[in-house]
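Me: Can you walk me through this one? I'd like to start with the charged side chains and then look at some helices.

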Amino acid sequence: DEAFAGDGPVPPRVRSDRMQATESEARAILRGFGTLSTEVAPRVAPIQLLARDAAATDPEMAGLYTEMQDQRLDRMTQNARNLAAAGHLRDGVTVEHAGHVMWTYSSPEFYELLVVRRGWPLKRFGAFIADALISALLPSNTPMAQSS
């Protein structure tokens with residue numbers, strides 16, 4: 001819970017909800033998700049990876065790891081519902097599919113592979129996550145946001 005709360009005065013989850021409620025441009029929302037992933041992953045991924053590894057031999061940790069994964073899937077599915085409700089998802093992309101894609105790209109394994117093992121800077125990691133989500137979920141004709 002502390003890892004998900006972040007360091008700042010407003011937890012990333014609250015900022016994500018606010019962004020989704022106030023931002024109308026789909027690419028900006030997914031770029032925001034990419035940025036939030038650079039804040040959350042360094043704090044949460046090590047805990048999730050530790051639970052994953054311990055789950056191999058400890059039934060209690062296996063239950064905790066499953067619960068953590070289920071909670072992340074629930075959160076990503078809610079984010080997908082928000083995108084669908086705003087009309088942002090590409091034709092043929094269901095809420096369930098979008099939730100699974102978002103769950104995959106928010107996995108601790110992506111952080112481990114790209115940042116921990118390959119040494120990617122967090123900014124590059126966040127941009128990769130955003131670009132992947134945009135490519136996987138949005139219509140190809142979605143207008144481009146002003147990039148920074």
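**Salt bridges and a helix pair**

Reply: Aspartate 131 has a relative accessibility of 39%, so it counts as partly exposed (buried is under 20% relative accessible area, exposed over 50%, partly exposed in between, with a 1.4 Å probe and protein chains only). This is a predicted model: local features need pLDDT of at least 70, side-chain atom pairs count only at pLDDT 80 or more, and totals for chains, interfaces and linings use all residues. Residues are numbered from 1 along each chain as its sequence is written, and side-chain values use heavy atoms, with hydrogens and water left out.

Me: Which side chain meets aspartate 131 in a salt bridge?

Reply: That's arginine 31, at 2.7 Å from N to O. A salt bridge here is a side-chain nitrogen of Lys or Arg within 4 Å of a carboxyl oxygen of Asp or Glu. Arginine 31 lies in helix H3 (residues 26-55) and aspartate 131 in helix H7, so the pair ties together parts 100 residues apart in sequence. Helices are DSSP runs (H or I, at least four residues), numbered from the N terminus.

Me: How many salt bridges does the whole structure have?

Reply: Five. Another one joins arginine 52 and glutamate 109, with the closest N and O atoms 3.4 Å apart. Salt bridges with shared partners link Arg52, Asp53, Glu109, Glu112 and Arg117 into one network.

Me: OK, new topic. Which residues of H6 meet H7?

Reply: Phe110, Tyr111, Leu114 and Val115 of H6 meet Leu122, Phe125 and Phe128 of H7 (contact means heavy atoms within 4.5 Å).

Methods:
Helix = DSSP H or I, 4+ residues; strand = E, 2+ residues; numbered from the N terminus.
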